[in-house]
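Visitor: Can you walk me through this one? I'd like to talk about how the parts meet.
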Amino acid sequence: MDDAQTIPDDQWRPDRHQKSQRDEKDQSGCAICGLLNEDGSLVDGGLIIRAIANMHDRSNGLGGGFAAYGIYPQWKSWYAFHLMFDHDAARRQTESYLETVFQVAHQEAIPTAHLEVIRQRPILVRYFLLPKEELRARHYDLTDDDIVMMNVMHINKTIDGAFVFSSGRNMGCFKGVGYPEDIGRFYRLDEYQAHLWTAHGRFPTNTTGWWGGAHPFGILDWAVVHNGEVSSYGKNRSYLANFGYQCTMHTDTEVIGYLFDLLVRKHHLPIEMACQAVAPPLWSRIEQMPPAERQLLQTLRIIYGGALLNGPFSIVVSHAGGLIGLNDRIKLRPMVAARRGASLYVASEEAALRLMCPSPDLIWRPAGGVPVIGRLQSQPQEVSVA
Amino acid sequence: MRKWLVEPDFILTRDPDRCINCQVCVRQCANDVHVHDEEADLVQSDSEKCVGCHRCAALCPTQAISIEKASLEFRPNGNWTADRIRAVYKQAEGGGILLSGMGNDQTLPVLWDHMVLNASQVTNPSIDPLREPMELVTYLGRKPDRLELNRDANGKVSLATELAPQLRLETPIMFSAMSYGSISYNASFSLARAAQAAGTFANTGEGGLHKDFRPYAKNLIVQVASGRFGVDPDYLNVAAAVEIKIGQGAKPGIGGHLPAEKVDAQVSATRMIPERTDALSPAPHHDIYSIEDLRQLIYGIKEATQYTKPVCVKISAVHNVAAIASGAVRAGADIVAIDGFRGGTGAAPTVIRDNVGIPIELALAAVDARLRDEGIRHQASIVAAGSFRSSADVIKAIALGADAVYIGTAALVAMGCHLCQKCYTGKCNWGIATQDPMLTKRLNADVATRRLSNLLRGWSLEIKEMLGGMGINAIESLRGNREHLRGIALSDRDLNILGIKAAGE
Ligand code: SF4
Ligand code: SF4
């Protein structure tokens, strides 16, 4: 484990290619929901906890979690790392590693409540970090985001008993083994104010309760809650390896997060187009489009065949700029959406949706492959379509 | 006249109670097995000449003919098998190289038969292709890393990427290179027409492009092989893509030889060589002695076609196939076709056909992994070839990483080939591997086209069923998705190279 004490060498760079590996994934059914106040107004975690609790029977107590955006205004330019440690040795090793590569502005235990039902808790700590100048100089061609991602993968893969489960700025993932409403209370989420919340209740079929395996999956400011199974996992994983993404978490949700990171952050695709890459229109539909659009979508699909997410899914992908709700192309998992004023809501079930938003201006069932997109208004907007 | 020690492969029996002495078999057999004895007014047969093609039996109106393997047993010997003993007899008789047609017929393990596919249960619904869309569309050609967009002042985006030329296939199955000359006009014509009907491609092989097939050129891949037969700027430009043939799975490392008897007026015009001369393809391209020379030829062809056609490089699966494929991609190939050691041929020295090269399963897995490790997998498509016997073999190849496959033998079988392995004699009784007008007219082009189309349709439907079973509705999600394969009775080493888990894992 000594190697983890040194700054990761070039093998951890995102532009290095990964040796082909065998594929792993898990399977699960689930409940998801999300809410976004596009005007940036804040709401505490109580509402989203009630919504996910309403779908209690969609999970089996083996995992629940939340993502919240806008919760760390005092540290908003620092990467907020949420870590879980199995033991003190892992913590000591990780902290000495973090100090070698990052400036640590602040660190503290993640506040939790004493809840009887939440058992076998790891040590939960958060750190507010920025890459050291020395590291930036060494990787002068990488952004801070790239450096952070490389270090997250490095810690998760090499330090036994340590796991970074949240690494974005001014946001955080909170998750663990238990029913989601209990996890929410355990993390005292009613004490956080956020403009964007997502939640997940898990029903895994082939995994033991590991805290790191709960959703959301978080990398940088991306958080993904996912109901479904990615049948294209093996393909997506090897495709992502071309771009230096190392799937280390044995969960198919991981590839969804990396795909959005690749398409939006690295390849600068508009959100709509990133959605069209992961859930593209049928070739037969593309053929009927007007020429410019047809050519655009044909090219998109030809280039990003490896990014197509196949299999049944409904996902809520959240990021600093807003929220995306998306179903697989033939809608094999449930998702409903609603709007009221500047607020957007999505959930697996209408009851949970109406619990968050009793009298919506608009409520609809998004068709397969048609994204629900919410944008924080302070973010620069991008318009799609040729 | 019987040669000393050379024994027949088959025993042909005619049931005298059934035979009506109609002489159909006499007319059908190009190998002169059946002769009509004028004096006795009786049909007689010489089993020694029988190649086991079943033509006579298939056409005999009274099912009077039965053909069995000759049961002249040697003393059992696991080392000196009957085949090996007979081969020595033959060679001692003639002193030459023994020839064979079609692919390697040895009983080496077929790894496709040691791989099984996945299907959905409970957590993941299977998809019924009769109710839901199921997409097999495949694009072959070089892909860029990423999409580039233009953004105008209002943030409106438009396409900036100019995609390299691509082949669009409605189904990921193409017809492998089979030259006009090695196969008959009707066989070539049927392959071209069936490819067009199915929205896929047929490869002309190295025999040039007959003028009659030009209307189908949009669905034809033309080949540039070491003999350069029929190659001129027009040939390169009418086709959908150009393939440089470096090697062939059935005979890696050696050239080709179309005997003069097959070079009639039409073949001579198409190949651009004198009539009734041997068409010899040298073993190497004499302008390619290394990878940089290959690059020159690839770019020579791209220049000649103004960069409007994908250029494919076909190599045989040999030991270092992964490195060779990587070199070909770096040299500019948009498609790399890999031909495994069970691939067919019109003629090859038997010893080479049966002993040189490696199985396509391992070659494909190695090439796909190597290109991914080097981060250049998207720069070229991989087409696998070398004996796909069923849609299951095809879908397994796709899961291992192939973008599409070439079928040759299966296409010939669809047209009536009985795998008698005598293609090099020019006496194909089924009218396929021959230029003898008496024989070629037996293959009706409309019937053959329909049979080929049916085969593609049947296999495509089966692929859709299997995809749907896996919960996948677009073929690109299975491509290189080895998670959907498991190995049975394979060594750890094999599993490792194939990059798959064992069944039960
Ligand atoms: S074709 Fe059949 S019936 Fe006719 S001569 Fe031959 S064996 Fe006899
Ligand atoms: S093509 Fe004709 S000669 Fe060749 S194996 Fe098939 S039936 Fe025999």
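Visitor: How much area do chain B and chain A bury between them?
Guide: About 4,200 Å², with carbon and sulfur atoms giving 53% of it. Buried area here is the accessible area (1.4 Å probe) that two parts lose on being put together, summed over both. Keep in mind that this is a predicted model, where local features need pLDDT of at least 70 and side-chain atom pairs count only at pLDDT 80 or more, while totals for chains, interfaces and linings use all residues. Residues are numbered from 1 along each chain as its sequence is written, chains are lettered from A and ligands numbered from 1 in the order in which they are written, and side-chain values use heavy atoms, with hydrogens and water left out.

Visitor: How many residues are in contact there?
Guide: 49 residues of chain B touch 53 residues of chain A, contact meaning heavy atoms within 4.5 Å.

Visitor: And how many salt bridges across it?
Guide: The rule finds four between chain B and chain A, counting a side-chain nitrogen of Lys or Arg within 4 Å of a carboxyl oxygen of Asp or Glu. Glu287(A) and Arg168(B) form a salt bridge, with their closest N and O atoms 3.0 Å apart.

Visitor: Which elements of chain B give two or more residues to that side?
Guide: Those are β8 (149–151), β9 (157–159), α10 (360–373) and α15 (492–498). Helices (H or I, at least four residues) and strands (E, at least two) are DSSP runs, numbered from the N terminus. The chain B side divides into 17 nonpolar, 15 polar and 17 charged residues. Ala, Val, Leu, Ile, Met, Phe, Trp, Tyr, Cys and Pro count as nonpolar, Asp, Glu, Lys and Arg as charged, and the others, Gly among them, as polar.

Visitor: OK, switching to chain B by itself. Which domains is it divided into?
Guide: Domain 1 (10–96) and domain 2 (170–502), with bounds from an automatic or database domain assignment. Their centres, taken over C-alpha atoms, are 33 Å apart. Domain 1 of chain B puts eleven residues into the contact and domain 2 of chain B puts in eight.

Visitor: What area gets buried between those two domains?
Guide: About 920 Å², 55% of it from carbon and sulfur atoms. On the domain 1 side, Ala30(B), Cys53(B) and Arg55(B) lose the most area to domain 2, together 53% of what that side buries.

Visitor: How many salt bridges there?
Guide: Zero by the rule, between domain 1 and domain 2 of chain B.

Visitor: Now the ligands. Which residues are closest to ligand 1?
Guide: Arg14(B), Cys19(B), Cys22(B), Cys25(B) and Cys60(B), out of 13 that surround ligand 1. A residue is near a molecule if one of its heavy atoms lies within 4 Å of it. The shell around ligand 1 divides into ten nonpolar, two polar and one charged.

Visitor: What is around ligand 2?
Guide: Residues there include Met102(B), Cys417(B), Cys420(B), Cys423(B), Cys428(B) and Trp430(B). The shell around ligand 2 has eight nonpolar residues, two polar and one charged.
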